[in-house]
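Me: I have not seen this structure before. Please take me through a few of its features, one question at a time.

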Amino acid sequence: MKTAQNSNVDGEQGQAVDNRDESPSRLQPWMKMITERPNRFLVLALFIYMLINNTINVTSVWMEITRDGQPEFALWELFVWEYSSLLANIALLPLIFLVWQQHPLRFSHPYRQLLMHFGVSLLYAIGHVSLMVAMREGVYALAGGNYDFGPVLREFFYEYRKDVWGYLFFLFIFNIYHRVLSRVSGEANIIANSEKEAVSAPHVPPEHLLVKKFDKEFLVKIDEVDWLEASGNYVNLYVGERIYPLRSTLSQLTTKLDSQFTRIHRSHAVNHRAIAHIQYSPSGDGEVTLKSGATLAVSRRYKDQLKQKLTV
């Protein structure tokens with residue numbers, strides 16, 4: 001049965017907090033796939049969008065230039081121009097997304113942010129133009145022709161204007177997508193101990209997470225979190241079949257939860273209570289099998305630390 005109570009953990013408004021997540025189970029497999037590798041799905045969505053958009057551009061241009069007679073170039077050339085740009089974008093987007101994850105948009109230090117984005121947009125334009133021209137020259141060479149990019153500085157400035165606009169579009173979509181995803185999957189925040197508990201037991205780790213999902217809030221016991229995964233400026237918390245992002249680094253979070261979680265790899269940490277068994281290979285690396293059936297790699301760098309924690 002669903003229960004709720006007034007709580008002050010979310011501020012002074014005293015909003016109702018549910019004690020469990022009641023999201024429809026039919027969405028869980030899809031949400032699990034997306035939240036595990038969110039940028040892959042975003043790249044796929046943008047690829048489909050650009051494929052449709054660029055194809056429409058080709059057909060529109062072709063209809064325009066064939067109205068008054070024979071065009072100066074063939075239809076396949078239009079497709080090469082548009083699709084080479086598309087493929088160059090798709091090749092660069094994962095790298096750009098990685099930069100944006102490491103340096104998210106903030107209101108503080110606006111000039112530093114502008115300078116950073118100017119530099120990234122310039123590198124993006126150089127990469128986009130270079131890949132695009134290389135692909136076009138390759139296709140033209142196979143067709144027995146020659147692709148002429150034109151005067152480099154003038155044409156690059158022409159392309160850079162469009163690439164900056166594309167860069168801003170991708171940046172907007174990236175941030176909206178991750179904001180919506182965090183609301184749909186549920187974004188977690190650690191509930192700090194009360195001032196009284198903090199004074200009497202300063203080293204006691206927090207016991208609950210407050211998860212915000214749509215217009216609901218509910219509590220998740222930290223004991224129920226099986227393992228943690230680093231994801232840029234977030235850490236994904238795996239709770240059974242659900243994954244909740246928490247804004248933190250893996251190092252910061254494992255420090256707070258040091259008595260219960262141990263880092264076993266540069267990308268993840270495990271809850272001691274969720275471990276079923278551990279196997280080690282002759283190379284020194286290992287594998288942790290959780291009670292849920294999930295398996296996690298153990299790096300030799302963290303092996304001794306895990307053994308020490310489990311034997312205390």
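**Helices, charges and rings**

Reply: To begin, in this predicted model helix α3 passes α4 in a right-handed crossing.

Me: At roughly what angle do the axes of α3 and α4 cross?

Reply: Helix α3 covers residues 75–102, and its axis comes within 8 Å of that of α4. By class, their contact has 18 nonpolar, six polar and two charged residues. The axes cross at roughly 145 degrees.

Me: What span does helix α4 reach from its first C-alpha to its last?

Reply: Helix α4 runs over residues 110–142 and has 33 residues. At 1.5 Å a residue, 48 Å is expected. The helix comes close to that, reaching 47 Å.

Me: Which residue just after α4 takes a positive phi?

Reply: The phi in question is about 80 degrees. The residue that takes it, just after α4, is Gly144.

Me: How many residues apart in sequence are the parts that Glu229 and Arg37 tie together?

Reply: Glu229 forms a salt bridge with Arg37, and their closest N and O atoms are 3.3 Å apart. Glu229 lies in strand β6 (residues 227–231), while Arg37 is in the loop between α1 (28–36) and α2 (38–65). The pair therefore ties together parts whose separation in sequence is 192 residues.

Me: Over the ring of which residue does the charged end of Lys303 sit?

Reply: The charged end of Lys303 is 5.7 Å from the centre of that ring. Lys307 also lies over the ring's face, at 4.9 Å from the centre. The ring belongs to Tyr280.

Note on methods. Residues are numbered from 1 along each chain as its sequence is written. This is a predicted model: local features need pLDDT of at least 70, side-chain atom pairs count only at pLDDT 80 or more; totals for chains, interfaces and linings use all residues. Side-chain values use heavy atoms; hydrogens and water are left out. Helices (H or I, at least four residues) and strands (E, at least two) are DSSP runs, numbered from the N terminus. The expected span of a helix is 1.5 Å times one less than its number of residues. A charge sits over a ring if NZ of Lys or CZ of Arg is within 6 Å of the ring centre and within 35 degrees of the ring normal. Axes are lines fitted to C-alpha atoms, for helices over the stretch in contact, and angles run from 0 to 180 degrees between N-to-C directions. A crossing is left-handed if the near helix is turned anticlockwise from the far one by less than a right angle, and right-handed if clockwise. Ala, Val, Leu, Ile, Met, Phe, Trp, Tyr, Cys and Pro count as nonpolar, Asp, Glu, Lys and Arg as charged, and the others, Gly among them, as polar. A salt bridge is a side-chain nitrogen of Lys or Arg within 4 Å of a carboxyl oxygen of Asp or Glu.
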